[in-house]
Number of protein chains: 2
Amino acid sequence: MSQLIDFYFDFYSPYGYFASYKIDEIAARHGRTVNWHPILLGPAFKAVGSKPLLEIPLIGEYSAHDFKRTARLEGVPFIMPPTFPGATLAAARAFYWANEIDSEKAKILAKAFYKAAFAEGRDLFDLKVVAEVTTQIGFNADEMLAAIQTDAIKNKLKQAVQDSLDKGVFGSPFIIIDGEKFWGNDRLTQVDQWLATGGW
Amino acid sequence: MSQLIDFYFDFYSPYGYFASYKIDEIAARHGRTVNWHPILLGPAFKAVGSKPLLEIPLIGEYSAHDFKRTARLEGVPFIMPPTFPGATLAAARAFYWANEIDSEKAKILAKAFYKAAFAEGRDLFDLKVVAEVTTQIGFNADEMLAAIQTDAIKNKLKQAVQDSLDKGVFGSPFIIIDGEKFWGNDRLTQVDQWLATGGW
């Protein structure tokens, strides 16, 4: 048993956003630490033959409503960012850059990206937004902007996406506890129970 | 506000099976009655461009595992029926036939079909199984077998499937409370909360 649990998410996943408020606290309650892995869902959607929820007939309408209903139930703000959906490359790369400097602060950065997108409705495709959030958390935004153009950081994200596919991750949020997989914000209750009981 | 809430499900939906144990009790707790609507998900899958869970790469494996894990968590037996997946026409038609005779007993029949399939792993494509379950609940199986061949009963199921599509139903289980839609066994907690509070 590892002390770590793995949390995969896409920065433009509303259900990942909801989970981002809770996952660290759930893990901490059971003496675990969360390894955050921002990924891009595009390749997973290709693997399972799916696409972003809002683009699917019927499910899209339902989901748009469910995002808001879930936000009200969980007591968190919710706005759709203007460029939704899309591949949030810059934010994900910025996370992997920050993670090498300070992994705890990198999680705070991830939460701040999520809040910028879904609590404030800001556009994560705007590099200015990514830079502002980076500064706000106390990282050097100019260094970040240079770093995310390097192959080293680009490859970090590529590798993270590939690792997630290799582990069978196909959605966001996706949590793996000692090899046990949980898909979706709805599964956080089970994640909590699993950590509490060691499984059933 | 209607006193009724609508419960849509496919007889070969494991998550519908799990919900079938709980939905009446949840509704009754809040003075509501459940209108059961067996449907066939084929047309909905066509509408949303999806297919049965087990046939989807990655999601299929995850789901097969999740069915068993959910069953253990909810404390109900679970076996995959031998002909899964498929369109359970006979069982669904038998329900609509029984529903005209005794709607309360028809719900008991629906629960018994679910248990035959997923608690006992019996084949709902075998008319003998459908007939045996029908007899067991106290209906006349010969009358049922004759009735499900008639246009009148065939059309009842057709109409139910069409109605479900018109209402935006695209999965199983699917619950509608005063126009508010809830998709999935995972949403039963919210169904309970919605009925308790009148919504949020």
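Visitor: Where is A:Pro173 found?

Guide: A:Pro173 sits in the loop between helix 9 (151-166) and strand 3 (174-177) of chain A. Helices (H or I, at least four residues) and strands (E, at least two) are DSSP runs, numbered from the N terminus. This is a predicted model: local features need pLDDT of at least 70, side-chain atom pairs count only at pLDDT 80 or more, and totals for chains, interfaces and linings use all residues. Residues are numbered from 1 along each chain as its sequence is written, chains are lettered from A and ligands numbered from 1 in the order in which they are written, and side-chain values use heavy atoms, leaving out hydrogens and water.

Visitor: Is the peptide bond from A:Ser172 to A:Pro173 cis or trans?

Guide: Cis, with omega near -5 degrees. Chain B has a cis bond too, from B:Phe84 to B:Pro85, with omega near -15 degrees. B:Pro85 lies in the loop between helix 4 (59-74) and helix 5 of chain B. Most peptide bonds are trans.

Visitor: What about phi of A:Leu58, positive or negative?

Guide: Positive, near 65 degrees, in a residue other than glycine. A:Leu58 is in the loop between helix 3 (42-48) and helix 4 of chain A.

Visitor: New topic. How does helix 5 of chain A pack with helix 6 of chain A?

Guide: Their axes are 7 Å apart, at an angle of about 160 degrees. Axes are lines fitted to C-alpha atoms, for helices over the stretch in contact, and angles run from 0 to 180 degrees between N-to-C directions. The two helices are therefore roughly antiparallel (under 35 degrees is roughly parallel, over 145 roughly antiparallel, 65 to 115 roughly perpendicular, the rest oblique).

Visitor: Which residues make the contact?

Guide: Helix 5 of chain A gives A:Ala91, A:Ala94, A:Phe95, A:Ala98, A:Asn99 and A:Ile101, and helix 6 of chain A gives residues including A:Ser103, A:Lys107 and A:Phe113. Contact means heavy atoms within 4.5 Å. The residues of this contact divide into nine nonpolar, two polar and one charged (Ala, Val, Leu, Ile, Met, Phe, Trp, Tyr, Cys and Pro are nonpolar, Asp, Glu, Lys and Arg charged, the others, Gly among them, polar).

Visitor: And helix 5 with helix 7 in chain A, at what angle do they cross?

Guide: Roughly 30 degrees, with axes that come within 10 Å. Helix 5 and helix 7 of chain A are therefore roughly parallel. A:Ala90, A:Ala91, A:Ala94 and A:Trp97 of helix 5 make the contact with A:Leu127, A:Val130 and A:Thr134 of helix 7. That contact has six nonpolar residues, one polar and no charged.

Visitor: Over to chain B. How do helix 5 and helix 9 cross there?

Guide: The axes of helix 5 (residues 89-101) and helix 9 (residues 151-166) of chain B cross at roughly 105 degrees and come within 9 Å. That makes helix 5 of chain B roughly perpendicular to helix 9 of chain B. Among the contact residues are B:Tyr96 and B:Trp97 of helix 5 and B:Leu157 of helix 9.

Visitor: What rotation superposes chain B on chain A?

Guide: 180 degrees, with 0.0 Å of shift along the axis and an RMSD of 0.0 Å. That is the relation of a two-fold axis. Copies are superposed by least squares on the C-alpha atoms of residues with pLDDT of at least 70 in both.

Visitor: Which residue of chain B comes closest to that axis?

Guide: B:Asp186, at 3.2 Å (C-alpha). Also, 100% of the interface residues of chain B are interface residues in chain A, so the copies meet through the same surface.
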